[in-house]
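User: I would like to go through this model and hear the grounds for each term used. Please set the values against the cut-offs.

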Amino acid sequence: MPAIDNAPDTVGDNSSPASNVQIIVYSDTTDLPFVSRALKIVGTGTIAFITKGEQTVTMPVRDGDLLPVRVSRVLLTGTTVSQVFSLW
């Protein structure tokens, strides 16, 4: 099932703080319940994800990073950090 987008791409709508936070279960096949507004990283390593725009990205991250990215899935393959929180 596709991730639900509670923050449509409109000017001003995405600048307010997130209302929800969830620990992400990494998966190569299952989308998040909701498209993220940002990801909070726990641990240093790499994160692999699919954006709302359907791009697959793998990048190095550090503990405490806050990535302002709209993500529909965090991939198990390629993600080495301890935990990722989705903010939406």
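Analyst: The order 1-7-2-5 describes an open sheet of 4 strands with antiparallel pairing. Strand 1 (21–23) and strand 5 (66–67) are at its edges; each has a single partner strand, so one side of each lacks a neighbour in the sheet. This is a predicted model, in which local features need pLDDT of at least 70 and side-chain atom pairs count only at pLDDT 80 or more, while totals for chains, interfaces and linings use all residues. Residues are numbered from 1 along each chain as its sequence is written, and side-chain values use heavy atoms, with hydrogens and water left out.

User: What makes strand 2 and strand 7 a pair?

Analyst: Two strands pair if DSSP finds at least two bridges between them. Strand 2 and strand 7 (residues 83–87) are joined by 5 bridges and run antiparallel, so they meet the definition. I41 has V84 in strand 7 as its bridge partner. The strands themselves are DSSP runs (E, at least two residues), numbered from the N terminus; helices would be H or I runs of at least four.

User: Which strands make up the open sheet of 3, and which stand at its edges?

Analyst: The order is 4-3-6, again with antiparallel pairing. Strand 4 (56–61) and strand 6 (71–74) are the edge strands, since each pairs on one side only. From one strand to the next, the twist averages 35 degrees; such angles are taken between N-to-C directions of lines fitted to C-alpha atoms, on a scale from 0 to 180 degrees.

User: How do you know that strand 3 pairs with strand 4 and with strand 6?

Analyst: By the bridge count. Strand 3 and strand 4 share 6 bridges in the antiparallel sense, and 3 bridges join strand 3 (residues 45–51) to strand 6, also antiparallel. A48 stands opposite T58 in strand 4, and F49 stands opposite V74 in strand 6. Strand 3 and strand 4 also form a hairpin with 4 residues between them, where E54 in the turn has a positive phi of about 70 degrees.

User: Why is A48 called buried?

Analyst: Buried means under 20% relative accessible area, exposed means over 50%, and partly exposed lies in between (1.4 Å probe, protein chains only). A48 has 1% relative accessibility, so A48 counts as buried. Leaving out residues up to four places away in sequence, A48 touches V57, T58, R73, V74, L75, T77, G78 and T79, a contact being heavy atoms within 4.5 Å.

User: What makes a group of residues a nonpolar core, and which have the most contacts in the largest one?

Analyst: The members must be buried Ala, Val, Leu, Ile, Met, Phe, Trp, Tyr or Cys residues, joined through side-chain atoms within 4.5 Å. The largest has 14 residues, and L39, I41, I47, V74 and V84 have the most contacts inside it. Strand 2 (38–42), strand 3 and strand 6 each give two or more residues to this core.

User: Why is the pair of F34 and W88 called stacked?

Analyst: Rings of Phe, Tyr and Trp (its six-membered ring) pair if their centres lie within 6.5 Å; planes under 30 degrees apart count as stacked, over 60 as edge-to-face and the rest as tilted. The structure holds 1 aromatic pair. The ring centres of F34 and W88 are 5.0 Å apart and the planes are at 15 degrees, so the pair is stacked. F34 is in the loop between strand 1 and strand 2, and W88 is in the segment after strand 7, 54 residues apart.

User: Are F34 and W88 buried or partly exposed?

Analyst: F34 has a relative accessible area of 25%, so F34 is partly exposed. W88 has 11%, so W88 is buried.
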